[in-house]
Amino acid sequence: MIILKEVNEKNFWDVIDLKVKDEQKDFVTSNAVSLGQAYVQKELIPLAIYNDETLVGFIMYCIDKEDNEYWIYRLMIDEKYQGKGYSKLALNEILVKIKADKKHHKIFLGLHIDSTNALNLYKNLGFKFDGRVFGSEHIMILEY
């Protein structure tokens with residue numbers, strides 16, 4: 001069962017130690033940088049992804065200050081736990097949390113176009129490209 005937990009002093013170093021496969025390193029910012037970003041950008045909500053009691057990944061989202069819409073900033077599953085469906089399960093948990101806020105009806109995320117597994121996951125959940133590109137990330141949107 002997937003559980004999203006606060007990143008705190010008990011799991012901080014374990015979250016930082018999570019790693020993606022070498023060929024994925026260009027697709028996702030490190031968890032250390034993400035946690036530093038969350039420290040500075042107080043709107044960001046970093047969460048550890050657990051399968052029962054086992055830490056398997058990291059996700060971070062927020063209501064963006066610039067456009068006042070939800071954004072999923074990060075999603076990563078440790079290389080040891082990939083291919084088990086944890087990304088989809090964690091993303092579904094975040095989508096439930098976000099959709100409970102009835103004031104919003106859009107969720108954005110940025111994607112490296114060469115990350116085919118992530119692309120397939122997001123498309124299967126209804127995300128579509130909105131035509132914008134920020135740096136190396138193509139922006140996708142889910143309207144609900």
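How many nonpolar, polar and charged residues does the lining of the largest pocket have? In this predicted model, the lining has 15 nonpolar, 11 polar and 5 charged residues. The volume of the largest pocket is about 690 Å³. Its lining is made up of 31 residues. Leu75, Ser87, Ser115, Asn117 and Ala118 are the closest to the pocket centre.

Several elements build this lining. Strand S4 (70-77) and strand S5 (106-112) each supply at least two residues, as do helix H3 (86-99) and helix H4 (116-124). S4 gives the most, with 6 residues.

Rolling a probe the size of a water molecule over the atoms shows where empty space is left. The second largest pocket has a volume of about 190 Å³. Its lining includes Asp64, Asp67, Arg74, Arg132 and Glu137. Trp71, Ile72, Tyr73, Leu109, Gly110, Phe134 and Ile139 also line this pocket. Two or more residues come from each of S4, S5, strand S6 (128-134) and strand S7 (137-143). Here, too, S4 gives the most, with 4 residues. By class, the lining of the second largest pocket holds 6 nonpolar, 1 polar and 5 charged residues.

S4 and S5 are also paired with each other. The two strands run parallel and are joined by 3 bridges. Tyr70 has Ile107 of S5 as its bridge partner. S5 is largely enclosed by the rest of the structure, because 5 of its 7 residues are buried.

Attention now turns to the nonpolar cores. In soluble globular proteins, nonpolar side chains tend to be buried together. The largest nonpolar core has 28 residues. Within this core, Ile49, Ile59, Ile72, Tyr122 and Phe127 have the most contacts. Strand S1 (2-6), strand S2 (45-51) and strand S3 (54-63) are among the elements that each supply at least two residues of this core. H3 provides the largest share, 6 residues.

Phe127 illustrates how parts of the chain come together. Neighbours within four places in sequence are left aside here. Another core, of 20 residues, lies apart from the largest one. Among its residues are Val15, Ile16, Trp71 and Tyr73. Trp71 and Tyr73 also line the second largest pocket.

Methods. Residues numbered from 1 in each chain as written. Predicted model: local features only at pLDDT ≥ 70, side-chain atom pairs only at ≥ 80, totals over all residues. Heavy atoms only, no water. 1 Å grid on protein atoms, 1.4 Å probe; cavity = no way out; pocket = protein on both sides within 12 Å on 5 of 7 lines; lining within 4 Å. Points joined across faces, edges and corners; volume = space filled by probe spheres on them. Nonpolar A, V, L, I, M, F, W, Y, C, P; charged D, E, K, R; others polar. Core = buried A, V, L, I, M, F, W, Y, C linked by side-chain atoms within 4.5 Å. Buried < 20%, exposed > 50% of the residue type's maximum accessible area, 1.4 Å probe, protein only. Contact = heavy atoms within 4.5 Å. Pairing = 2+ DSSP bridges.
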